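Please read them with the coordinates open.

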Amino acid sequence: MGIAFSFAAVIALIVLAFFGVAVLNLQILFGVIIPYAAFLAFIVGFVLKVVKWGRSPVPFRIPTTGGQGYSFSWIKQNKLDSPPNGLWVIGRMLLEVLVFRSLFRNTKSELNSGKLVHGSEKFLWFFGLIFHWSFLIVLVRHFRFFMVNVPLPIKIMEALDSFFQVGVPLVYITDLTLLLGVTYLFIRRVLMPQIRFISLPADYFPLLLIIAVAASGILMRYFIRVDIVGVKQVTMGLVSLHPTAPSSIGSIFYIHLFLVSVLFAYFPFSKLMHMGGVFMSPTRNLANNSRMVRHVNPWNYPVHVHTYSEYEDEFREKMIKAGLPVEKEQ
Amino acid sequence: MAKIPKPEQLSKIDLKPKKHWSQFPIDIRPGMYCHGAKGKDLKTLELPNARDWSPAEVDWKLPEDWKQTVLDGIKQRLERYRSFHIFMDVCVRCGACADKCHFFLGSGDSRNMPVVRAEILRSVYRHYFTPAGKLFGKYAGARELTLDVLKEWWYYFYQCTECRRCSLFCPYGIDQAEITIMGRELMNLLGLNIGWITGPAANCYMKGNHLGLEPHTIKSSIEFFLSDIEDITGIKIEPTFNRKGAEILFVTPSGDLFADPGTYTAMGYLMLFHELGLDYTWSTYASEGGNFGFFTSMEMAKRLNSKIYAEAKRLGVKWILGGECGHMWRVLHQYMDTFNGPADFLEQPVSPITGTKFENAKATKMVHIVEFTADLIKNGKLKLDPSRNDDLIVTYHDSCNTTRGMGFMEEPRYVIKSVCNHFHEMPEDTIREQTFCCGSGSGLNASEDMELRMRGGFPRANAVKHVRDKHGVNMLANICAIDRATLPPLMDYWVPGVRVTGTHELVANALVMKGEKERETNLRAEPLPGKGGE
């Protein structure tokens with residue numbers, strides 16, 4: 001159900017944009033209004049979600065320790081996986097966010113004639129990493145469209161990204177790796193039963209949407225040429241708040257822009273918020289020092305306890321008889 | 001009681017589901033769940049909806065407005081716990097956790113994948129608390145809260161041992177233990193706990209320990225050990241109870257006072273402390289290190305935990321020493337100071353024997369017995385004869401809570417290797433931070449759910465079997481009272497011939513005490529290696 005539904009939804013989005021631009025000439029809607037609305041939805045939605053998370057306190061210090069904690073000087077500790085202080089937490093978080101360290105641990109467990117066998121499984125980590133980094137680089141490369149003069153770092157990035165000097169225009173490596181990564185993520189979700197049968201439409205949809213975004217971008221750059229000057233007019237118009245939407249660019253551009261807009265607008269309301277959540281996860285971003293440093297729960301409240309005197313009142317006779325010391329003799 | 005299938009049948013597990021998890025019907029199957037909480041225990045604990053009930057009946061005797069209670073409960077927890085709030089939102093269902101759970105590996109039941117155990121609650125969260133869920137319903141993975149969903153929650157939140165193995169592998173650190181804790185808190189708003197948790201918790205609340213041992217019984221249990229120790233070593237030990245002015249308060253799980261092989265561990269403590277001449281006392285009021293309140297709600301955990309500091313204050317001790325236990329140490333390490341601290345009436349723990357300052361316990365002021373002993377051994381303060389353990393080929397089972405909730409991994413290994421000559425590790429993917437649960441933690445160590453326990457313990461047993469076949473391992477060491485209670489039946493079922501021991505039993509066997517007679521037997525009254533006996 002999920003795959004067909006999500007596939008149909010993405011196709012519908014493409015048709016909608018094409019119909020809107022090519023037939024109804026709604027360039028302003030698809031080139032100005034929707035991109036602005038989507039960007040606004042993204043920023044506001046993202047901030048609100050993060051603020052909402054931030055408002056929930058962290059009552060307890062609950063890092064998941066993945067290695068030996070702070071102990072005697074003669075016991076080797078694993079400061080990254082069991083960080084003794086904030087500095088090492090930063091290290092743990094950097095590795096988590098930049099290279100997906102937890103996913104790197106991934107194993108695969110299989111039953112082999114009644115015996116469980118555990119082995120390393122790095123595919124998800126590898127393709128996940130490729131996908132996320134490629135996406136980031138592709139996104140940053142797009143900043144050339146939003147600036148009058150292309151800054152040097154972006155030029156360097158482009159030069160490195162087209163290092164192999166193949167094709168006209170030069171093929172960007174990340175265009176291909178982005179598509180490769182996201183396709184792997186989609187295929188494993190369809191083919192592996194353990195993944196397929198936990199998947200929701202909300203899992204297939206963003207993958208297919210990103211595939212469509214990447215494919216439309218690639219089509220536009222390498223196959224269906226668009227009026228690049230017109231494109232830059234639109235993008236510069238958007239950032240300078242003097243929007244314009246020429247009809248001469250070609251529908252594929254508006255399809256690409258619309259899909260990107262949908263992705264932005266969808267982001268804060270979906271699992272894609274893992275981008276923000278990963279930084280705030282209490283099992284990762286806290287030091288394992290709770291026996292050394294007191295952690296305060298802001299909503300700690302007094303509770304009803306059974307006191308020693310209540311206990312002694314109940315058992316006094318038995319205690320005295322057994323020769324146990326008591327506070328009161330009667 | 002439900003019959004447990006034979007190991008050959010039970011190990012036929014299909015780890016490849018054939019349809020979406022939501023399409024499998026809920027089958028609350030005998031052998032896979034514990035009895036419902038008893039009304040009298042719920043009442044003692046002042047928990048809502050106190051009444052007797054049975055999960056096997058259709059009518060769970062819920063309050064009229066149970067649905068609103070649950071939804072309000074979810075809202076309150078979202079506002080109180082960032083962990084819960086984020087974990088409800090950010091899962092991408094990558095499936096990395098799926099085959100990390102011992103219950104999934106032992107059952108093949110989709111809902112035992114950590115991701116699905118979370119989804120059963122998350123789907124309801126989406127329906128009532130997120131725009132996407134309200135707008136797109138099932139297409140956003142949202143479900144209404146119905147009685148069937150509630151029963152599904154109950155069944156599967158009591159098929160999770162809060163071991164956190166999934167959280168180690170999750171790229172966002174989503175911790176199913178945290179979600180199960182919240183889920184069980186919600187269950188407890190409706191009086192839907194299990195008897196095996198509320199019974200011990202109620203005992204602990206009123207009598208100071210899970211087993212409900214009254215003060216004089218604690219004393220007599222320990223006196224019973226003392227006479228055994230005297231038989232074996234010729235040494236008479238006289239511990240003290242509830243003694244004011246002692247330097248150290250010793251708190252350990254009550255399970256070790258009650259049943260083998262935990263009792264041998266308790267004897268080990270007594271012998272070690274005597275040999276050191278330690279100025280310490282037992283308490284009959286704070287006579288429980290473990291905390292079944294932790295399996296009920298954070299509030300209940302705090303209420304039971306409060307006794308430890310309260311008693312330390314009343315007795316005027318300087319610091320607290322804690323025995324071998326798993327979840328006990330997660331609570332002590334990650335929660336106690338926050339719950340019931342600051343312990344400013346205590347001093348930073350210093351070993352009176354070695355002078356070592358326990359830097360790592362300077363706020364909580366509670367030291368783990370294994371780190372205490374490791375320090376003694378490192379400083380050469382114990383005379384040890386490891387050859388007394390030469391009949392044992394030992395492996396070590398890391399407790400989930402001490403490894404993944406504390407980072408306590410090398411200390412027990414150092415101690416065990418110092419007192420045993422034959423030690424072999426289980427495969428890498430099954431120890432230390434990747435350790436597999438005993439399958440019976442978090443209050444699931446009842447007898448009516450034995451099939452669940454044998455299934456959950458399958459990955460652990462499988463790893464033990466590997467070292468039994470490869471190295472002839474015959475003893476499974478641990479630092480957890482629940483392990484000592486639950487691993488023996490697990491071994492008998494899956495890996496016959498492997499026995500279970502606490503670490504301080506091994507220490508006490510190797511410990512050469514001043515003035516002891518020549519030992520003929522170990523603490524189990526079995527002939528020592530080379531002493532024949534026959």
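This is a predicted model: local features need pLDDT of at least 70, side-chain atom pairs count only at pLDDT 80 or more; totals for chains, interfaces and linings use all residues.

**Notes on the two-chain model**

1. Strand β1 (residues 248–251) of chain B and strand β3 (residues 319–322) of chain B run parallel and are joined by four bridges. Within this pair, B:V251 is placed opposite B:G322 in β3(B).

2. β1(B) also pairs with strand β2 (residues 280–282) of chain B, again in the parallel sense, over three bridges. Here B:F250 faces B:W282 of β2(B) across the pairing. Together with helix α13 (residues 262–276) of chain B, β1(B) and β2(B) form a β-α-β unit that is right-handed.

3. In a regular strand, side chains alternate between the two sheet faces. In β1(B), B:I248 and B:F250 point one way, while B:L249 and B:V251 point the other way. Are these residues buried or exposed? All are buried.

4. A further parallel pair in chain B consists of strand β6 (residues 475–478) and strand β7 (residues 499–502), held by four bridges. B:M475 stands opposite B:R499 in β7(B). Between β6(B) and β7(B) the chain passes through helix α22 (residues 481–494) of chain B, and this β-α-β crossover is right-handed.

5. Helix α23 (residues 503–510) of chain B has eight of its eight residues buried, so the helix is largely enclosed by the rest of the structure. The buried residues of α23(B) are B:T503, B:H504, B:E505, B:L506, B:V507, B:A508, B:N509 and B:A510. Their cover includes α13, α17 (369–378), α19 (410–419), β6 and β7 of chain B.

6. Chain B is assigned domain 1 (28–193) and domain 2 (200–510). How far apart are the centres of domain 1 of chain B and domain 2 of chain B? Taken over C-alpha atoms, the separation is 30 Å. The contact draws 25 residues from domain 1 of chain B and 29 residues from domain 2 of chain B.

7. On the side of domain 1 of chain B that touches domain 2 of chain B, at least two residues each come from α2 (39–44), α5 (102–107), α9 (165–169) and α10 of chain B. The largest share, five residues, is that of α5(B). By class, this side divides into nine nonpolar, 10 polar and six charged residues.

8. Helix α4 (residues 82–89) of chain B is mostly covered, with eight of its eight residues buried. Those buried in α4(B) are B:R82, B:S83, B:F84, B:H85, B:I86, B:F87, B:M88 and B:D89. Which elements cover them? They include α2 (27–55) and α12 of chain A, together with α3 (66–80), α6 (114–129) and α10 (176–188) of chain B. The cover of α4(B) therefore includes elements of both chains, where contact means C-beta atoms within 7 Å.

9. The contact between the chains takes 82 residues from chain A and 96 residues from chain B. On the side of chain A that touches chain B, the elements that each supply at least two residues are α4 (101–104), β1 (107–112), β2 (115–120), α8 (193–196), α9 (201–223), α12 (274–280) and α13 (308–321) of chain A. The largest share of this side, six residues, comes from α13(A). Its residues comprise 41 nonpolar, 28 polar and 13 charged.

10. Chain A contains 13 helices and two strands. Why is chain A described as more spread out than a compact globule? Its radius of gyration is 28 Å, well over the 20 Å that the globule rule gives for 330 residues, so chain A is more spread out than a compact globule. Along the principal axes, the C-alpha atoms of chain A fill a box of roughly 100 × 50 × 45 Å.

11. The domain assignment of chain A gives domain 1 (2–299) and domain 2 (305–330). The C-alpha centres of domain 1 of chain A and domain 2 of chain A are 63 Å apart.

12. Of the 330 residues in chain A, 37% are buried. Among contacts in chain A with a separation of 6 or more, 65% are between residues 24 or more positions apart.

Notes:
Residues are numbered from 1 along each chain as its sequence is written. Chains are lettered from A and ligands numbered from 1 in the order in which they are written. Two residues are in contact if their C-beta atoms, placed from the backbone, lie within 7 Å. Ala, Val, Leu, Ile, Met, Phe, Trp, Tyr, Cys and Pro count as nonpolar, Asp, Glu, Lys and Arg as charged, and the others, Gly among them, as polar. A residue is buried if 20 or more other C-beta atoms lie within 10 Å of its own, exposed if 12 or fewer, and partly exposed in between; C-beta atoms are placed from the backbone. Domain bounds come from an automatic or database domain assignment. Two strands pair if DSSP finds at least two bridges between them. A crossover is right-handed if, with the strands pointing away from the viewer, the path from the first strand over the helix to the second runs clockwise. The radius of gyration is taken over C-alpha atoms; the globule rule is 2.2 Å times the number of residues to the power 0.38.
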